[in-house]
Amino acid sequence: MTSNTPATNTTPSLISPVVTPKPAQDTPPAKLGIMVSGSGTNFEAIAHAIADGQLHAQIQVMIYNNPGIKAIARAEKFGIPMVLHNHRDYKKREALDAQIVQTLRQYQVELVVMAGWMRIVTPVLIDAFPRRILNLHPSLLPSFKGIHAEAEALAAGVKITGCTVHLVSPEVDSGPILIQAAVPVLPDDTPETLHARIQVQEHRILPQAIAQVAAGMALGVS
């Protein structure tokens with residue numbers, strides 16, 4: 001796919017697969033638990049998709065691990081309950097995940113979404129919600145796993161990168177891929193400018209991936 005039009009935040013990317021499941025209004029909305037570590041823009045994209053009727057779901061709770069992050073104000077705006085689990089208070093990842101599982105169950109969460117959750121999760125969490133945990137990553141997996149995906153894409157000289165939503169598995173940034181969006185890399189890109197354009201597409205594909213999994217849940221399909 002080629003174009004002579006300069007890429008901007010409004011330039012559509014190639015999204016695959018195109019997911020347009022109709023909200024199953026005759027079934028209960030999927031109960032979401034959102035895990036956030038930073039600004040929460042993807043949390044807000046999910047909340048807007050629900051409010052606009054594009055996603056048949058409700059956010060039961062936002063779990064966050066860093067005090068004072070911008071996501072708190074976003075959750076307050078939508079009236080979403082919040083629970084802080086500061087990872088610094090736990091000696092082992094498993095202990096943190098056990099507390100997260102307890103909170104998710106307390107809020108009757110069915111589907112977990114890691115929307116910028118910057119902690120490695122363990123089987124304690126994964127096994128509690130098998131094939132029910134989604135992660136968003138700013139690259140076209142399996143390329144550029146880890147926390148420096150945009151910088152690594154620029155260092156590698158790739159011309160196209162993007163973002164991926166996948167089911168979580170014990171291996172970091174692995175698990176079955178649900179949906180991806182491709183984003184062009186521009187000659188003058190920095191990690192920050194590339195991240196900003198990738199984030200536009202993240203806001204598009206994450207609600208679609210949730211809808212895809214939620215539709216399968218409603219039909220009893222794993």
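Colleague: Is Glu44 buried or exposed?

Modeller: Buried. This is a predicted model, and in it Glu44 has a relative accessible area of 10%. The cut-off for buried is under 20%, so Glu44 qualifies.

Colleague: OK, and what does the Glu44 side chain meet in a salt bridge with Lys77, in terms of N to O distance?

Modeller: That one comes out at 2.4 Å. It ties together distant parts of the chain, with Glu44 in helix α1 and Lys77 in helix α2, 33 residues apart.

Colleague: Which is Lys77, buried or exposed?

Modeller: Exposed, with a relative accessible area of 52%.

Colleague: Where does Arg74 come in?

Modeller: Arg74 also meets Glu44 in a salt bridge, at 2.5 Å from N to O. Here too distant parts of the chain are linked: Arg74 sits in helix α2 and Glu44 in helix α1, 30 residues apart. Put together, Glu44, Arg74 and Lys77 form a network of salt bridges.

Colleague: How many salt bridges are there by this rule?

Modeller: The count is 4. Another one pairs Lys145 with Glu171, where the closest N and O atoms are 3.3 Å apart. Lys145 is in the loop between β6 (133–137) and α5 (149–156), while Glu171 is in the loop between β7 (160–167) and β8 (177–184), 26 residues apart.

Colleague: And how accessible is Lys145?

Modeller: Partly exposed, at 30% relative accessibility.

Colleague: Back to α2, then. Which of its residues are buried?

Modeller: Ala71, Ile72 and Ala75, in a helix that covers residues 71–78. Looking down the axis of α2, those buried residues fall within an arc of 105 degrees, so they line one face of the helix. On the other side, Glu76 and Lys77 are exposed.

Colleague: What do the buried residues of α2 pack against?

Modeller: Four elements: β2 (30–36), α1 (41–51), β3 (57–64) and β4 (82–84).

Colleague: What happens just after α2?

Modeller: Gly79 is there, and it takes a positive phi of about 70 degrees.

Colleague: Switching to β2: how many of its residues are buried?

Modeller: 6 of the 7, so β2 is largely enclosed by the rest of the structure.

Colleague: Which way does β2 run relative to β3?

Modeller: They run parallel, joined by 7 bridges. Leu32 has Ile59 of β3 as its bridge partner. With α1, the two strands make a right-handed β-α-β unit.

Colleague: What about β2 and β5?

Modeller: Those run parallel as well, with 4 bridges joining β2 to β5 (residues 111–114). The bridge partner of Gly33 in β5 is Val112.

Colleague: Last topic, the greasy bits. How many residues are in the largest nonpolar core?

Modeller: It has 41 residues, and those with the most contacts inside it are Leu32, Ile34, Ile46, Leu134, Val165 and Ile210. Helix α6 (residues 191–218) gives the largest share of this core, 9 residues.

Colleague: What does Leu32 touch?

Modeller: Leaving out residues up to four places away in sequence, its contacts include Ile46, Ile50, Ile59, Val61, Leu111 and Ile210. There's also a second, separate core of 18 residues, with Met35, Val61, Val101 and Val109 among them.

Definitions and conventions: Residues are numbered from 1 along each chain as its sequence is written. This is a predicted model: local features need pLDDT of at least 70, side-chain atom pairs count only at pLDDT 80 or more; totals for chains, interfaces and linings use all residues. Side-chain values use heavy atoms; hydrogens and water are left out. Buried means under 20% relative accessible area, exposed over 50%, partly exposed in between (1.4 Å probe, protein chains only). The arc is that of the directions from the helix axis to the C-beta atoms. Contact means heavy atoms within 4.5 Å. Two strands pair if DSSP finds at least two bridges between them. A crossover is right-handed if, with the strands pointing away from the viewer, the path from the first strand over the helix to the second runs clockwise. A nonpolar core is a set of buried Ala, Val, Leu, Ile, Met, Phe, Trp, Tyr and Cys residues joined through side-chain atoms within 4.5 Å.
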